[in-house]
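Please consider the following model, beginning with the surroundings of one side chain and ending with the protein as a whole.

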Amino acid sequence: VLPPAPMLTLLSMFYYICLRRRSRSGTRGEALTSRRAVESSQRAVLPVSVEVEQYAKEVLDFSSHYGSENSMSYTMWNLAGVPNVYPSSGDFTQTALFRAYGTWWEQCASAPPPFRRTPKGFCSQDYIEVGFEEPVYPTGVDVLETYYPGAIVQILACSHNPFSQNPPADVRWEVLWSGEPTKVPTPQARQFSPTIKHINFPTNLLRLEVNSSLLNYYTELDAVILRGVKERPMLALYKMPIIDISDLSDSEEELSDVGGPLRQGGAANGYFDKLPYELVQLILSHLTLPDLGRLAQSCKLLHQHCCDPLQYTQLSLQPYWARLNDASLGHLQSRCTLLQRLNLSWTGNRGALTLTGFSSFMKACGLSLVCLELSCCHFLNEACVEVISQTCPGLQELNLSSCDRLQPQAFTHISKLTRLRRLVLYRTKIEQTAILTILTFCIELRHLNLGSCVMIEDYDVVASMLAARSSLLCSLDLWRCRNLTDRGLLELINGCRMLEELDLGWCPTLQSSTGCFQHLARGLPRLRKLFLTANRTVCDSDVEALASCCTSLQHLDILGTRLVSPTSLKKLLQSCPQLCLLDVSFCSQIDTRVVQELSGVFPNVSIKKSFTQ
């Protein structure tokens with residue numbers, strides 16, 4: 001007589017447990033009848049719900065924006081309230097823009113390499129969170145896009161009321177809609193109204209996540225409308241709960257009985273125990289983090305492979321920001337002793353991560369760390385930054401982009417990370433004393449981002465220190481620094497000859513009449529990216545100097561100048577064969593006809609010319 005098949009035995013045990021549970025709690029038919037009776041009585045007293053339509057009351061958080069911290073032009077704060085522009089199309093200062101678009105930024109030397117194991121379904125690059133006056137059960141979400149639509153890839157709802165005085169507890173996020181980035185054929189305005197999923201809690205906090213990689217220019221958003229009802233919809237009452245396999249057993253003993261026959265059989269490892277250890281490790285390296293965790297529960301051999309620290313030399317937890325907490329980090333801690341690159345961007349907000357949980361993880365796993373991404377981590381405080389400086393002696397890359405709630409005194413601890421090569425401080429409250437201290441001790445810096453750091457009082461002093469201490473600097477982002485003059489720029493050029501990327505966009509105190517841009521072209525022949533955005537003084541002499549001296553130029557932005565002619569642009573395009581991005585939006589001498597003619601002669605160059613309807 002053949003022994004019973006393990007799978008049949010397992011199913012028999014499963015059926016036995018179901019019968020035991022049924023005998024304890026009554027039949028399913030009885031439970032369903034009772035549920036219907038309750039719902040019937042509830043429907044008898046529920047009023048007819050009226051759909052509420054409301055615009056965003058307040059912008060609560062965002063990852064980046066094109067605008068300044070001190071004005072409303074092109075800022076994310078424009079997304080609150082009624083539309084400013086819609087249904088008009090075009091480039092308007094009253095709309096909300098993110099900082100980047102396309103793939104240009106990923107191609108730069110300052111961009112870090114992508115993390116392994118990032119799930120294919122996670123493609124979000126930026127986000128914005130908006131709050132509404134009244135919590136409702138959502139029935140619809142409308143986003144008014146006024147220029148280059150198609151970037152939205154996910155819309156989420158939160159159970160927490162952002163305007164409540166009570167501290168958040170058990171914060172829960174639900175995806176209302178998700179999709180892939182799209183390239184809409186026309187840049188014209190549209191109302192984006194996806195079909196959303198019904199959820200079982202009221203919300204007045206929405207999060208939009210975007211991916212602008214397929215767009216030809218900046219996407220512009222004008223308003224967000226949340227539609228919903230205050231009473232729980234009838235549809236939600238009829239929805240039966242999802243049956244979880246753990247609900248079918250009331251004891252650890254029953255669970256262990258279910259797995260018994262499989263363990264008593266022969267080798268449960270298939271052929272994996274016959275493969276070389278390194279080959280199994282290579283196979284598992286292609287799994288996402290959740291899949292690795294699930295596989296670890298299948299058998300002892302694969303548990304050993306899945307928990308090997310070599311599987312966790314790179315760890316990106318950004319895709320799981322909505323679920324990550326102290327317990328999650330604690331669970332991963334023993335596996336991450338060889339961790340080299342860690343991405344915690346967007347995680348830990350609204351109390352999900354604490355100083356205790358973060359410190360414990362860093363003390364256990366920070367010794368080998370060389371890269372730490374902490375963009376938009378609002379749980380960070382001075383104590384957290386101090387822990388980083390103490391536990392990560394070999395750290396070479398640190399990203400604190402948009403950690404705008406981190407207090408100024410916290411940044412002084414970064415100066416202890418003397419091996420830093422890449423430091424991103426975009427939209428932070430770092431002050432002049434702290435950045436000068438960092439530059440004094442961190443002399444190996446290659447990439448520095450000080451974009452929109454409005455609390456630095458004198459950028460000329462910072463430029464002078466960079467020239468003296470950071471001669472190996474390869475990229476420097478000074479986007480929207482308000483007080484850099486030609487004197488500071490001259491010192492920077494003379495001291496940082498290795499610069500390949502320089503962003504001087506929206507720096508109004510630089511004037512072409514001083515000769516600073518021509519000196520820049522002659523002094524930085526290695527330049528590949530140069531942004532002189534919104535500097536109205538850039539002229540033909542500056543462009544011709546770039547054409548003569550910076551022949552490796554790939555990205556050039558001279559948006560807003562009135563003094564550059566088609567002739568100098570043609571000379572630039574002829575002299576710079578690697579040029580692939582040229583933004584001449586709002587350049588009054590460069591009209592659409594000129595752009596079309598130049599695009600026909602130089603088809604490999606993406607020439608940008610935005611419009612306002």
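A polar contact of 3.1 Å links the side chains of Asp142 and Arg227; a polar contact is a pair of N or O atoms within 3.5 Å, and within protein one must be able to donate a hydrogen and the other to accept it, while residues adjacent in sequence count only if both atoms are side-chain atoms. The side chain of Asp142 also makes a polar contact of 2.6 Å with that of Ser193. This is a predicted model, in which local features need pLDDT of at least 70 and side-chain atom pairs count only at pLDDT 80 or more, whereas totals for chains, interfaces and linings use all residues. Residues are numbered from 1 along each chain as its sequence is written, and side-chain values use heavy atoms, with hydrogens and water left out.

Asp142 belongs to strand β4 (residues 126-147); strands (E, at least two residues) and helices (H or I, at least four) are DSSP runs, numbered from the N terminus. Asp142 counts as buried because its relative accessibility is 4%, where buried means under 20% relative accessible area, exposed over 50%, and partly exposed in between (1.4 Å probe, protein chains only). Beyond its neighbours within four places in sequence, Asp142 is in contact (heavy atoms within 4.5 Å) with residues including Gln191, Phe192, Ala223, Val224 and Ile225.

Leu275, by comparison, is situated in the loop between α4 (252-264) and α5 (277-284). Leu275 counts as partly exposed because its relative accessibility is 36%.

Across the protein, there are 17 helices and 21 strands. Of its 613 residues, 50% count as buried.
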